[in-house]
Amino acid sequence: MMSSNNSVDLLEDGAFAANKNSWNRYYQNSVVQPLLTDLYQITMAYAYWKSGKMDDHAVFDLFFRTNPFQGEFTIFAGLEECLKFMENFHYSETDVEYLKHALPQGIEEEFFDYLSQLTAKDVTLYAIEEGSVAFPRIPLIKIAGPLIIVQLLETTLLTLVNYASLMATNAARYRMVAGRHINLLEFGLRRAQGPDGGLSASKYSYIGGFDGTSNVLAGKLFNIPVKGTHAHAYITSFTGIQELKTRVLAHKETGDKRDLLELALQYRGQLAKILDISTDESSEGELAAMVSFAIAFPDGFMALVDTYDVKSLPAQPPTAAEPDQVCPENGNGTADEELLVGNGDDVVNYEVEMPEDSEELMIPYTEQHPRCSNCEANARETRPCVIGHLKAVGKCFRSGLLNFCAVALALNDQGYRAVGIRIDSGDLAYLSCLSRETFERISERFKLTWFSKLTIVASNDINEETILSLNEQGHKIDCFGIGTHLVTCQRQPALGCVYKMVEINSQPRIKLSQDVAKVTMPGNKNVFRLYGADGHALIDLLQRVDESPPEVGQKVLCRHPFQESKRAYVIPTHVEALYKVYWADGRVTQAMPSLDEVRERVQNSLKTLRQDHKRTLNPTPYKVAVSDNLYNFIHDLWLQNAPIGELS
């Protein structure tokens, strides 16, 4: 049920309508409300109120100190949710009644009256554009307004920005390592930190560059493309072809009805001869399941082909054929195997011993599986010995691939084109190459050009390092389905944004620490991004608000905020002011971009960075500097506030 604080109503027809502003196109999570905060924010608010500081004016900066994932950039996200929160900031009657019981005894009744009237109408919020690359120490958001209200905003703004920015950054990194030609799907709902985490992961992974999600509610709420196939359970729910209750499929154009199972069996027999695979190795239950699924979704037939786990390997790993060896394609290739039997999503391994040197299976496909001399003479130049390799992998994968191809050819006879396969375990590089070679062989044999281009989807606990390794091995995967490592951000579970007061009543405030990284940069500031002649961003420059902005073609002294000797002159070819006013006078002041526009902003913003800033291994740090004026201001204030020690 939606909270009374929620400005968006869920209509019966599934559409969403904003009660206040037309820009609020999507729902607001009813959990995001003023009570979604730490208790000390409200106790501080009372202490401020008791001290008569209601009219004090403060400026707070929301920023992070270190880029995540050992990288050198961060994607700023969560701004739209922050603005929705600002718009709907109000303590309801039930909120006030709860606080009367939750707060310590003795709080004056007038304070609760004050809270019941409190809104964000007197607050001004500045921010960089959502979807922009951002860097340490640069305030993502700057909040100015009455001390009590801007203090009460702290925890909620942090929770809205921290995970959103971390998630968008993680997704953007996956997009970079996968490349633009690979589709990325977010499959993480079942592994996310609760339903709110799952929805946020779907939304911000899409912003970061993913192409779709398996999360149906996220598709409805955020208009993200939803994708999915089926689980292993669907395959194992069939034990034989006798269980098929529906076998007939009408032709897509003519309407002529044919028995799809009969067609698939005919093609399976032909393929068994072409690929030299015995039909005895093909699971009848698996074939029945695929026929059933194809009849249900003839235009979207994609199937799992490793229901029983493709890790079923030969007793000895495939090795390079000696020049005088006879290729298995010519009838002399055998391999002893143990079968791994699956039940639903679980896999039971019946004591299959992996060879000690099984790591060799991770060697690039073309090196691990060279062509034998007979194949070299007869095959195309770029084609490995696909039949020999099919005989080398487990029976389970042979069964899945054979059955899929048979059903796909049967669908073709009825005017439909299959979509592809999903591989959920095993040596993804090797199996994807083997699948592609099989598709290409069938494409040639049956004169079906599209068959060679069937989609290969890979899942199975994929992370950045997995994709980089697969790239090195020359995989043939078209799409990655990524869950756990993406949505939980396993490499770094938190971004660490902080919210620090930098000014009160026009007086600067500085937080000192023995750890220089934790020293805040005081005062109300503006931020500019300076670009070089090659069009790439050179440096982000913080200035005091009363300083003149840097100008194109004019020399600017840029200084490290805390190291005196680190300084440089920059002559920018383009100057970008990063801050815009997004909230003032109780309303949103900018036209809010759609999710797709923010998504595009991410990729365009990343293009402004040099490649060495974005690389996975040892990226070059991006420079964040202060003006000479701000540098002197910081250090003068530091000296004024730092205690003077005494030696005796």
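In this predicted model, helix α4 (residues 109–116) has Phe 111, Phe 112 and Leu 115 as its buried residues, where buried means under 20% relative accessible area with a 1.4 Å probe and protein chains only. Viewed down the axis of α4, these buried residues fall within an arc of 100°, so they line one face of the helix; the arc is that of the directions from the helix axis to the C-beta atoms. Helices (H or I, at least four residues) and strands (E, at least two) are DSSP runs numbered from the N terminus. The cover over the buried residues of α4 includes α1 (39–50), α3 (93–102) and α5 (147–152), with contact meaning heavy atoms within 4.5 Å.

Local features need pLDDT of at least 70, side-chain atom pairs count only at pLDDT 80 or more, and totals for chains, interfaces and linings use all residues. Residues are numbered from 1 along each chain as its sequence is written, and side-chain values use heavy atoms, with hydrogens and water left out.

Strand β8 (residues 183–186) runs parallel to strand β17 (residues 479–482), joined by 4 bridges; two strands pair if DSSP finds at least two bridges between them. Leu 184 has Phe 480 as its bridge partner in β17. With strand β9 (residues 212–213), β8 pairs in the parallel sense over 2 bridges, and Leu 185 stands opposite Gly 212.

Methods
Buried means under 20% relative accessible area, exposed over 50%, partly exposed in between (1.4 Å probe, protein chains only).
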